[in-house]
Amino acid sequence: MSKFVTNAALNAARGESTAYDPQDRLNLAVDEVVNSRVQLARVGGNLNQVARALNAGGYPEPAELVRVIAAVARAITRLEECAAALVRV
Amino acid sequence: MVPKIGKPGSNTLKVLQYLYGKERHSGSPHIDPHLVASWDGYAPDPGRQPDATLKQLANQLDLRVKQLGAQKPKTHVWHCSVRAAPTDRYLTDDEWAMIARRVLAAAGIAKEGDPDGCRWVAVRHADDHIHLVATKVRGDLTGPRLRGDARRVQNACRKIERELGLRRLATGDKTATRRPTQAEVHKAEQRGLPEPTREALKEAVRLAVIGARSDEEFLANLEVAGVMINPRRFPSGDLQGYSVALPGDVNASGDPVWYSGTKLGYSLGRVRSRLAAADPEATQPTEAVASPAGRTPTGSKAFHARRNAVPVVEHALVVLVEGDDESAMGQIDAVGEVLGSMAQTAVPGTSSRAQLLALTRVYERATRSHVRAANRDTWAMRSAARSILTSGYAVDREDGAAAVELISVLVAVVVVAASWHAARGNEQQAEAARATAQQLRQLYRSTARRPLEVLSARGRAVSSPQRERYAQAVQTVVPEAAGESAVQEWDALAATLAEAEAAGHDPVALLERARSRRELETADSVTAVMVWRVRRLANLPPVDGAKARKAVRPAQPAAAPGPVRSDPGRRRSR
């Protein structure tokens, strides 16, 4: 994102068009996907902490929670594949 | 905890293949490779997740690099291993994960809480170390600021050691000489050499400086040591610099591998500032009390060279305590040359020679710090080193007594040097000096054993009224000694005092003089110290001197001042 702002600002200062350069658009998309990954990884981290706290308290992890954690990991893999595909374009 | 940043690479997958694969080089096999941490905790781990592949992991690490396309840096892989000391306890994966985060934050790869930090993983495939692999493109597609990463990572490790209660390493100050590279170590192993060329050359150069009075003498010493020399000269013929190589150490095209003096830690400038005074014999101080009986003292040249070096080395104690930093550093530096000269004149093949060579090498670290050694006051010590060197091999039994006293004074000086360094925060230097003192003490014990035996046998033969008289003198003059229960040393002191009295000295006056010297605590009991001091002050002959052994003179080219040089090149090239 900061990279995009920098580019746009520089272009404006130079009096060039601030319209999206195709490469910038791609980079922006990659950043967006990676940001989603960051958010998702944080959620996953929190869920892991919940699971650990339950374990420490002597409770078994609810099957629901285990499934959600696995789903987060899968979603992250998908997002990463998406980012890789964008880079390859 | 030793962090080691490797050469930057250009292939992420290859590094991962090595880390996850079977080991190729000698060393420990890779056991259960897996990730202990990654940039967001969700990197695929081919070691733990059955459907994850190395290719996937490499691709994820490389995402930002690929985004740059043709503008990607030439080398984009950052690699650093972090190894615990063998004495450290087992560290869990979680502990290693914490260490990885701290090290990467210190390096500048990924700061805590930075969403645009570089992508990285920490791979563990052995109990005692992890590997950190990162790609050097940040999320905002700029490069991380890595300048000075090695020093920052080292400092972070010092902190981690303290927090986790691990073995604490001495902090460096960038004054140590360069260690051999991994390639040099492997080459030495393959050729069956006991040590890498760089180490052998360092020692050859260090020893060649001792006693040299000019550039040319220094080069001649190197030549005697069997080292190939490539001097660089100005058109005037003056030396501009030099490099050395070991015979038989060649590169792929068969040319010798040259090491410049600077890279070995002995630039020509450093060598020149350490040249000995031109005329050592004229400046040799003596402080022995003239023998009233007018007897000429016996003993070999080697014996006297050692005995005369004692007061010179003793003077270093005064400088270390009272002098400014530069002079003190000069003395610490010159002590290394005395040690080196003793090492070179010890009879080849003996254990004492091996011990001396080893401790001289350890001590070398203590001679380098950010304090510039002032060499104006060290000519006496350098000249003493030179006379030890030119006086021929020391035959242990004959020169035992003189060597013993010299060693015991050296212990005192090196111990003071260790605390001098420690007080200035020179941790590595202080540790080197402490280790040297330890080894010197051992050497002292083995060297002193025989002369003490001979003397105490003589002491037991002294008549009892005479012994009684000496006992009283010792009681009044050196009460510290009287309190000790050192039977053998006491017998030796009685024999020494009897010998001195027979030569026309006053035992009480001698003891008083010996007592007035600084530093009674050195390597041994006060009584033993008194034995060696009285012998020197009364200029008594070597302990075994009655048998009039001839000094063994080693064969040497007439031009070379040094009698023996360690000869690594020649020995190894065959």
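Buried means under 20% relative accessible area, exposed over 50% and partly exposed in between, with a 1.4 Å probe and protein chains only. The structure shown is a predicted model, in which local features need pLDDT of at least 70, side-chain atom pairs count only at pLDDT 80 or more, and totals for chains, interfaces and linings use all residues. Residues are numbered from 1 along each chain as its sequence is written, chains are lettered from A and ligands numbered from 1 in the order in which they are written, and side-chain values use heavy atoms, with hydrogens and water left out.

**View 1. Two loop residues of chain B with positive phi.** Leu141(B) is not a glycine, yet its phi is positive, about 65°. This residue lies in the loop between β5 (129-135) and α4 (149-164) of chain B; helices (H or I, at least four residues) and strands (E, at least two) are DSSP runs numbered from the N terminus. Leu141(B) counts as buried because its relative accessibility is 11%. Lys174(B), also a residue other than glycine, has a positive phi near 65° and sits in the loop between α4 and α5 (182-191) of chain B. With a relative accessible area of 74%, Lys174(B) is exposed.

**View 2. Helix α4 of chain B and its cover.** The 16 residues of α4(B) should span 22 Å at 1.5 Å a residue, and the end C-alpha atoms are 22 Å apart, which agrees; the expected span is 1.5 Å times one less than the number of residues. Buried in α4(B) are Asp149(B), Val153(B), Ala156(B), Cys157(B), Arg158(B), Ile160(B), Glu161(B) and Leu164(B). Their cover includes β1 (2-5), β3 (77-83) and α3 (93-107) of chain B. Gly165(B) follows α4(B) and has a positive phi near 70°.

**View 3. Surroundings of Ala107(B).** Ala107(B) belongs to helix α3 of chain B and is buried, its relative accessible area being 0%. Leaving out residues up to four places away in sequence, Ala107(B) touches Trp78(B), Arg145(B), Leu146(B), Asp149(B), Arg152(B) and Val153(B), where contact means heavy atoms within 4.5 Å. Ala107(B) and Arg152(B) are 45 residues apart in sequence, and their C-alpha atoms are 6.1 Å apart.

**View 4. Nonpolar cores.** A nonpolar core is a set of buried Ala, Val, Leu, Ile, Met, Phe, Trp, Tyr and Cys residues joined through side-chain atoms within 4.5 Å. The largest has 82 residues, and those with the most contacts inside it are Leu410(B), Leu440(B), Leu511(B) and Trp532(B). Helix α13 (residues 396-423) of chain B gives the most to this core, 13 residues. Beyond its neighbours within four places in sequence, Leu410(B) is in contact with Val313(B), Val335(B), Val338(B), Leu339(B), Met342(B) and Leu440(B). A second, separate core of 29 residues includes Ala84(B), Ala97(B), Ile130(B) and Ile160(B).

**View 5. Crossing of helices α6 and α11 of chain B.** The axes of α6 (residues 197-209) and α11 (residues 351-363) of chain B come within 11 Å and cross at roughly 95°. Axes are lines fitted to C-alpha atoms, for helices over the stretch in contact, and angles run from 0 to 180 degrees between N-to-C directions. α6(B) and α11(B) are therefore roughly perpendicular, a term for angles of 65 to 115 degrees. Glu199(B), Glu203(B), Arg206(B) and Leu207(B) of α6(B) make the contact with Leu357(B), Thr360(B) and Arg361(B) of α11(B).

Key
Angles under 35 degrees count as roughly parallel, over 145 as roughly antiparallel, 65 to 115 as roughly perpendicular and the rest as oblique.
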